[in-house]
Amino acid sequence: MKLNLPNQLTVLRMLLVPVFMIVLLLPIPGIWSPVIACAIFILTSLTDMLDGMIARRCNMITDFGKFLDPLADKFLIFGAMLAILCKYDDIRPVFVWVAAIVILRELAVTSLRLVANQKTGVVVAASWLGKIKTVTQMLAVIVILLEDALFPESIAAINLASYIMMALMVLFTVWSGLNYMKAMWKYLDPEK
């Protein structure tokens, strides 16, 4: 199967996930490891926006892309969360619960998508709330990676920005998950 440009960008995003993780977890002294990893993460995240824009503008939307794009987002976020859990001891006690909520939500929604596809043959694209959730998750990762480098020592010392972004990430993750499950319930059971 030959992939169109948007789908190639999605595959590239998936391939960049281990590169990001390796760079973040390398024992480079100072702020270079998180800064370089963050640059890779931002570049990788931008492919998400770019593949969608190209697909819509050039009428290259495919069922394969509708399925693969959210999956690539999940790989990126899961990889980032695992690397953050390994690297940042100070936020780990809270972040482990944030990561669990995000991962469970993503697995539940992906499972529902597969059931809907098998039952109806339709691939359900991400909703606007799901896109906000993805952006919030990506921004949270960026803030966590850069908080020590960008924020004054008084804020970075207590991880204030990271905790605020974690709270926003959980809020949009849960909200979009419940919204998606509600929509899918109606979609899978048209009598209700």
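Me: Let's begin with asparagine 159: buried or exposed?
Reply: Asparagine 159 is buried, because its relative accessible area is 7%, under the 20% limit for that class. Keep in mind that this is a predicted model.

Me: Where does asparagine 159 lie?
Reply: In the loop between α6 (153-156) and α7.

Me: And what's up with its phi?
Reply: Asparagine 159 has a positive phi, about 55 degrees, and it is not a glycine. Most residues other than glycine have a negative phi.

Me: What about asparagine 59, which phi does that one have?
Reply: Positive again, about 50 degrees, and asparagine 59 isn't a glycine either. This one is found in the loop between α2 and α3. Asparagine 59 counts as exposed, since its relative accessibility is 69%.

Me: OK, cavities. How many of 30 Å³ or more are there?
Reply: The structure holds two of them.

Me: Which residues line the largest cavity?
Reply: Asparagine 159 turns up again here, along with Tyr88, Asp90, Ile91, Ile144, Glu147, Asp148 and Ser162. By class that's three nonpolar, two polar and three charged residues. The largest share, three residues, comes from α5.

Me: And the second largest cavity, what lines that?
Reply: Phe67, Pro70, Leu71, Lys74, Thr110 and Arg113. The elements giving two or more residues to that lining are α3 and α4, and α3 has the largest share with four. Sorted by class, you get three nonpolar, one polar and two charged.

Me: How does the whole lining split by class?
Reply: 16 nonpolar, ten polar and twelve charged. The largest share of the pocket lining is nine residues, from α2.

Me: Tell me about lysine 131. Where does it lie?
Reply: Lysine 131 lies in helix α5. With a relative accessibility of 44%, lysine 131 counts as partly exposed.

Me: Which helix has methionine 138?
Reply: α5 as well for methionine 138. Methionine 138 counts as buried, because its relative accessibility is 7%.

Me: What does methionine 138 touch?
Reply: Setting aside residues up to four places away in sequence, methionine 138 touches Phe41, Ser45, Asp48, Asp73, Leu76 and Ile77.

Me: Now the packing. Which residues have the most contacts inside the largest nonpolar core?
Reply: Phe20, Leu24, Phe41, Ile84, Phe95 and Leu145, in a core of 34 residues. α1, α2, α3, α4, α5 and α7 each give two or more residues to this core, and α5 gives the most, with eight. As a rule, nonpolar side chains in soluble globular proteins tend to be buried together.

Me: Pick leucine 24. What is it in contact with?
Reply: Beyond its neighbours within four places in sequence, leucine 24 is in contact with Ser33, Pro34, Ala37, Ala83, Ile84, Lys87, Tyr88 and Leu145. Of these, Ile84 and Leu145 are also on that list of core residues with the most contacts.

Me: Is cysteine 86 buried or exposed?
Reply: Exposed, since its relative accessible area is 54%.

Me: And how far apart are lysine 131 and cysteine 86?
Reply: Their C-alpha atoms are separated by 27 Å, and the two are 45 residues apart along the chain.

Notes: Residues are numbered from 1 along each chain as its sequence is written. This is a predicted model: local features need pLDDT of at least 70, side-chain atom pairs count only at pLDDT 80 or more; totals for chains, interfaces and linings use all residues. Side-chain values use heavy atoms; hydrogens and water are left out. Ala, Val, Leu, Ile, Met, Phe, Trp, Tyr, Cys and Pro count as nonpolar, Asp, Glu, Lys and Arg as charged, and the others, Gly among them, as polar. Buried means under 20% relative accessible area, exposed over 50%, partly exposed in between (1.4 Å probe, protein chains only). A nonpolar core is a set of buried Ala, Val, Leu, Ile, Met, Phe, Trp, Tyr and Cys residues joined through side-chain atoms within 4.5 Å. Contact means heavy atoms within 4.5 Å. On a 1 Å grid over the protein atoms alone, a cavity is a set of points where a 1.4 Å probe fits but cannot get out, and a pocket is an open set with protein on both sides within 12 Å along at least five of seven lines; lining residues have an atom within 4 Å of a point. Grid points are joined across faces, edges and corners, and a volume is the space filled by probe spheres set on the points.
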